[in-house]
Amino acid sequence: MFAADSGCWFTQKVLCWRAAASVAWSVLLLPASTAAFVVLSKLSVLHPVQMFADCVSVLLSAGSVFSFVLLAGVIIMVGFLTFEYYTVIPSIACSKVALLGQLLHPRQLLYCLAHGVMGVVVGWSCAVTIGYRYERLAYLCPQKDRDGLLHMCLNEHHLLLLLEGGFVGLSHSLLGVIQNLNYVSFGTVQQHKYLCFKASLPLAAKCSAAQAFYSVRNFVLLYFFLGHIPRAWMCKSLSLHLDSSAHPLDSISGLLDLSLLYLLWISATYLLFSWYMTLLLFRIFVTEAYSFPVQSTFTEEAPQCLPKVLSEKQPMILKFLALQDLSLLSQHSPSRRSQVFSLSQPGGHPHNWNAISKECLSLLADLTQRLVSYHETVATNGRTKSLSSGSDRKTSSESSGTEDLASCRPTFLMKTPASVFLRSVGAGPQSPLTSPFTPDLDSPFASPTLRQLTSPVDPGSPWHGVVQSPHVMRRAPKLWSTSTDSQRNGSPPASPATLPTPKPESSKPSFLAQFFQNRREQLPEASSQALFADGQAHIWALDGLSYLVQASFTEDQFGVVQTTLPSILSSMLLLQEAVDRHFKLPHASSKPVRSTISLGDSSHKTLRFALRATLKTAIYRITTTFGAHLHAVQLSAEHRKRLQHFLEYKE
Amino acid sequence: MCSLTLFPPPLPDGQTTLCESNNELLSGSNTQNASPMSLHFPRESLKLHSRTESSSKAAFLDHSETLWMRSAAAWRDGGLPGLLNEITDSNSEVPKWLAVGSGCILALLRWISSFHSSLFPHLTLSSEDMIAEFSQVLNWSDCVVRAFAWHPHTDKFAVALLDESIKIYNPKSTTTPTLKHRLQRNVAAMQWKPLCASALAVACQNCVLVWHVDPCSLSARPSSSCAQVLSHPCHAPVTSIAWSPSGALLLSASPMDTSMMVWDVAAESCVPLQRVGGGGVTFLSWSPDGSHVLASTPSALFRVWETRMWTCERWPCLKGRCQSGCWSPDGSRLLFAVEGETVIYALTFAGAPDISTSSLKGPQAAAVVADLSETTFHTEDGDLIVGGEIQSLAWDPRGERLAVLLKGDPQVTNRPAIIAVFKTRTSPIFELLPCGFVQGEPGVEPRLMQFHPNFQHGALLTVCWSSGRIAHVPFYFLTSAVPLVGLSGSPSLLHPLERPADFASQSLFTELLS
């Protein structure tokens, strides 16, 4: 497996080192944040000298060294989990059920559990560092019991910090799924790592403080109602007693202790900040541009060269970094461009250019095909319920004459394309048709490899070149749906075309089924986002191609680019047409809501706009460079007409 | 070295510059139809807002509200200082300790901010004054045409007017779309996106607007949904914007913000590039090859960014801030003018973007290439003083003509603002030769100028005059880059007799001399 090896070298030689370096830096930065935490936790305005002495003594004590080692272990673990779970293609849930599926996926549960446990560990460290009444879990009861014996009592303050750590850890990992925290996006501009880190540090601090505030609020509420359960369990399992003289904490007066709340907030902030920092450093290190050689004199290095690496499938980040490198070299580096345009010796074949252009063109063709088939599916299956504009209404009423009037919500919803497809995902045999539309995990037990299906479909796969007939598209998933869906959660059978009248069970769906049906409704624009989930790769491919073509006007001595110019132009124009059509769909052109302050990267939500702009710029780049020379390029009449619009600056 | 003495004398009163042909500037006295293409926006035709936002508060009667409501409103309007001010003012209603405490905090805040603004005096200016101070337009607040932008590829242009509207003129279409937006106030600069037909970025008082004006649309009033709003807290007023020549990124600068923003316009996201020194960013200019960006600050310091890894070189000036700058077409040479000085400096960059290290080997010091100190010309109508500080610089896209807008002195009648044009050559060596002055109707001064980005027959300078007229001054010449010049005959060779004193042959600056 030569191909697999060539992906492996990258993971071993580059990715692991980058991840290790990022973890090492976050461990190195841990003392600074710990010191800040200690100072904040001992804060007293009236006794600054004593505060200072306290801080120094705490920082130099043996206990704090031990807890520091423990914290370093936690950071390493967090870094490892980040490395294991990161992705460059965001997983976008097309419906609420799909999101639930993501949350309940075993892999995800493991992730949450690990974070919960680590949160408890950090909570313990915080409690030990703060000292005073928080330091120990148990203490000697002040009163003797009836037999006159002394007992160990449970220190509820300590327990509170432990539980809070666990809660914050859990909620952090759950929120991470919703906000796509594990999605690694590539920056708009290249900057040195230190400057990147410096720029993102205030954001991390702000986010962790805000997030900690909400987490603590939720935790306090939860503890107020359910706090007695863990307390009783703790007492029972460790055979501790409750101090009857102490005030129980799950009461209003117990929880309305300002210093307690402040410490809870500070420790939650500290926990989140150290984890966010690890995440940020990981993102910065792993997305750093990597310069692949264009060609090498040694054959054993050939798999590490750009043309080979571009066609790799795994790991995905390798392909992304290669495309990024292509886009950078095409803009900034004349000497590397000349290698791309060079001919092989001996033979005189432009192997480098051929491989690069072929890979980029197949990426574009793949996206075009994905868009076209999505558009056909939408056109034949109708749109979401809320929209009933002219032509669309006609198609939907064609397929479901009577139910349109009945407006039975569950059955009507069935017509949304993704819900049709989602069902067939869970049906076992993965229909190849589903891959482009549902990169999310519908069922908790669907294989995680589904995510990779958003990556370009290779020509060997059954989906490549599939018949794009609306009949096939319409029928195939629906046949599956009738059997599987009712099987799975008893919801009404879907296909309105095959069922002229609703079955009795569909007229009275159970509450749970109804609930699920409602949640299964398409989130607005989510399917559009999912289509463009890996749009960054296409953006780089477009950039790289167009800059190379622009440079070829003056730098390409052998005319290697000229031979591919017609196919480049026609594939760009085809994509342009498909993108234009896609943006005419409802929700496709609606802007996502500006996200509130969060470290989760929302850049995937706007990738389709970025792609549209880049595509236009790329075509303009070629037309302005070549100008009237383009009339000599072999193109179909339709494309020629379209190109004329670009030449006249009318697009 | 006084460069202006070598210039041909200014025109007598009543004459306006029409064009350059055969190596000399032609003038005419018929001002009414000097150029059929010129546009005129008389001040009276514009409906102006007579009041400003802040002044409207006094027009309403005071109405007693509860302290809570007033505090909330003060917090919303003026932030923390506003809240403290409100509490201090209503000391009869609040506890004494609160009023005293907030008064103390307010005094502390004021002391800190006065300390801060003593470091950076521009921070005390109001938004409008700040735009007027740092704009490339002469006397911006009084200008009818506040900004002007040629489209980089076609013959259309956008004009921002005093009444906060933008008009787009296209010779190929009869409709002139008028752009209006709620947030489009105090337009300081405009620029069309390169490699795009429709996108126009507008620097406004509180944000950057990016209009998408479909060139095929027949609508005369595109709705405000065609505009993207790019705003970032504390990044206002925006005084300068610059698109990257590849059309991928948009830079915006504000004198209030120490970081300049790199916008990904499609995603509406930005990356702040922060450097604290200087106290803000006032003017941006992206080199035509895309490799460098000039960013000047309100202090005597400017930076030249390199756009690959976004590192910067600091260039401290001796006297004042960098007022204006322009790049040669190949991006290897930067000309700039410093406030308080009457010279043009040049910096040369080794334009080798291929080296793997991000920091480019730059020059060690700037060279003076032209001295524009005051010169008295004796004309028929009396003495005319020309020269002084420089408002803005513009270099034509072929690198053959350099236009310099001189500030002049409004107090002195015979020292008007004037545009001096130089002939330049960038290869094989950099040379500067006098060309002449561009003058308008009597009593009208130039406010704003820009070269057409792709004029076929030489260079086309568009000048916006204080009367509201926009005139185009073509410079017809054969570019020296074309090797066949000798065969077809350079205009100067064909007509060598017409001028007794051939100013054009007297070089002001060459690299061989310096």
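In what order do the four strands of the open sheet in chain B lie? Before I answer, please keep in mind that this is a predicted model, in which local features need pLDDT of at least 70, side-chain atom pairs count only at pLDDT 80 or more, and totals for chains, interfaces and linings use all residues. Residues are numbered from 1 along each chain as its sequence is written, chains are lettered from A in the order in which they are written, and side-chain values use heavy atoms, with hydrogens and water left out.

The order is β8-β9-β10-β11, with antiparallel pairing; strands here are DSSP runs of E with at least two residues, helices are runs of H or I with at least four, and both are numbered from the N terminus. Two strands pair if DSSP finds at least two bridges between them, and the edge strands, β8 (189–192) and β11 (227–230) of chain B, each pair on one side only. On average, and with direction ignored, neighbouring strands of this sheet are turned by 20 degrees against each other.

Staying with β8(B), four bridges join it to the antiparallel strand β9 (residues 199–203) of chain B, and Met190(B) has Val202(B) as its bridge partner there. In the loop between β8 and β9 of chain B we find Leu195(B), whose phi is positive, near 55 degrees, although the residue is other than glycine. Most residues other than glycine have a negative phi, and most peptide bonds are trans. Leu195(B) counts as buried because its relative accessibility is 8%, where buried means under 20% relative accessible area, exposed over 50%, and partly exposed in between, with a 1.4 Å probe and protein chains only.

Let me turn to chain A, where helix α25 (residues 607–626) and helix α26 (residues 637–647) pack at an angle of about 85 degrees, with their axes 9 Å apart. The axes are lines fitted to C-alpha atoms over the stretch in contact, and angles run from 0 to 180 degrees between N-to-C directions. α25(A) and α26(A) are therefore roughly perpendicular to each other, a term that covers 65 to 115 degrees. On α25(A) the contact, meaning heavy atoms within 4.5 Å, is made by Lys616(A), Ile619(A), Tyr620(A) and Thr623(A), and on α26(A) by Leu643(A), Phe646(A) and Leu647(A).

Conventions
Angles under 35 degrees count as roughly parallel, over 145 as roughly antiparallel, 65 to 115 as roughly perpendicular and the rest as oblique.
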